[in-house]
Amino acid sequence: MRKNRVSKKYIVVVVFMLGMLKVSAQSKMEYLNSIKKIDVHTHVRSDQPFLRELLDELNYKFCTLSTIGTNSKTLLAQIDTAKMVYEKYPRYYAWVTTFDVSNRDEPGWTDQVINQLKNDFENGAVGVKVWKAIGMEFKKPNGEYLQLDDPIFEPIFTFIAQQGKTLIAHMGEPIQAWMPTYFTEGGKPRNYWAKHPEFSFWDKPEKPSYSDIMAARDHVIERHPNLRFVGAHLASLEFDVDEIITRMEQYPNFAVEIGGRTRYLMWQARGKVLDFFTRYQDRIMYGTDKGAKPKMTPEDIENAKEEIIYRNQLFHTYYATADEIPWGNIVESDRPLPEPSYNVKGLDLPREILDKVFYKNAVKWFPGIEKEYQ
Ligand SMILES: [Zn+2]
């Protein structure tokens, strides 16, 4: 009888403690939702009132990245739009420029790029982005693929460092791009590389290897210790945080942004990822790779809104709480699939780390990004 009462009491205490845990988890989620946040990896290709409303609602500022293309016309349009939205709405947008590589063989190319970057920095650009076409698409006159450590880029990187600006690099692809593409039994493409065979390197021995591209990128980080170097999309090392840690240890000027790769973190052992965030809490930034398309129909707007709210809430839950999140399949998308499905537990990061990952590190690695949003 007596024993029974004790265990009842015990149960009450445990239930109460669990309730407290839930309250503290909720309040941390609320905390993250309420603080000022910067998403360092977005693509804002047009000025959309819905987006500004959403940024107010969710407490975000977007840093829009211009992306190098193989087509210099769309590249200039991206830079113009990024500059325009920043000039009109510095509370909502910061911007990162890029430069044309397709015309690299024209005389005076280096000076032209440096002059353009100088002008863009004067117009508020907080950094420069380089994209995966370097390493994977552009070729040198001798037929080899042009890599990021090619001497033609050296004076440009030196200039960026001298100006105290940041280089953000999306080099290569996730390692799965070098693995067989993934189709359903019915032959439906399941992963990005099945849908984009131009970026699938499986069984293409003439193409550069994953490690060649990673090594070329690492040479640049090493050669320019005064250059702040941010690896976009977890530096394309998203499959294993240990790979990122190796570079973090070697290069103090290296940081990463998540760039829509949260699901790869969810995929890895929770304790390992938690340790990564604890040890390198000053060098990880939040990014989603979302934004606004150049032209948007009312339907596009509804979809974009839904997408931005859905993903941020999902990722906030993962980073700020210890909730179980139903998860799907690494190769498909951020949305859970019916099969195969499993649960992951959120990282439950302390508030100080959330402050850094969602805001302070962006300010540290991209000085000026916080303009009108302090
Ligand atoms: Zn992107």
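**Ground rules.** I count two strands as paired if DSSP finds at least two bridges between them. Helices (H or I, at least four residues) and strands (E, at least two) are DSSP runs, numbered from the N terminus. This is a predicted model, where local features need pLDDT of at least 70 and side-chain atom pairs count only at pLDDT 80 or more, while totals for chains, interfaces and linings use all residues. Residues are numbered from 1 along each chain as its sequence is written.

**Overview.** I found 13 helices and eleven strands in the protein chain. I call a residue buried if 20 or more other C-beta atoms lie within 10 Å of its own, exposed if 12 or fewer, and partly exposed in between, with C-beta atoms placed from the backbone. By that rule, 38% of the 374 residues of the protein chain count as buried. Two residues are in contact if their C-beta atoms, placed from the backbone, lie within 7 Å. Among contacts in the protein chain between residues at least 6 apart in sequence, 71% join residues at least 24 apart.

Which strands does strand 2 pair with? Strand 1 (residues 37–44) runs parallel to strand 2 and is joined to it by four bridges. K37 has Y60 as its bridge partner there. Strand 3 (residues 93–96) is also parallel to strand 2, again through four bridges. In that pairing I see F62 opposite Y93.

I also noted that strand 1, helix 2 (residues 49–58) and strand 2 make a right-handed β-α-β unit. Right-handed here means that, with the strands pointing away from the viewer, the path from the first strand over the helix to the second runs clockwise.

**W95.** I found W95 in strand 3. Why does W95 count as buried? Because 28 other C-beta atoms lie within 10 Å of W95. Leaving out residues up to four places away in sequence, W95 touches C63, T64, A82, K83, Y86, G124 and A125. I also checked L65: W95 and L65 are 30 residues apart in sequence and 6.0 Å apart in space, C-alpha to C-alpha.

**Helix 4.** Helix 4 (residues 109–122) has 14 residues and reaches 20 Å from its first C-alpha to its last, close to the 20 Å expected at 1.5 Å a residue. The expected span is 1.5 Å times one less than the number of residues. Its buried residues are V113, L117 and D120. Seen down the axis of helix 4, these fall within an arc of 60 degrees, so they line one face of the helix; the arc is that of the directions from the helix axis to the C-beta atoms. On the other side, D111, N115, K118, N119 and E122 are exposed. The cover over the buried residues of helix 4 includes strand 4 and helix 6 (154–162). After helix 4 comes G124, whose phi is positive, near 95 degrees.

F229 stands opposite F254 in strand 7.
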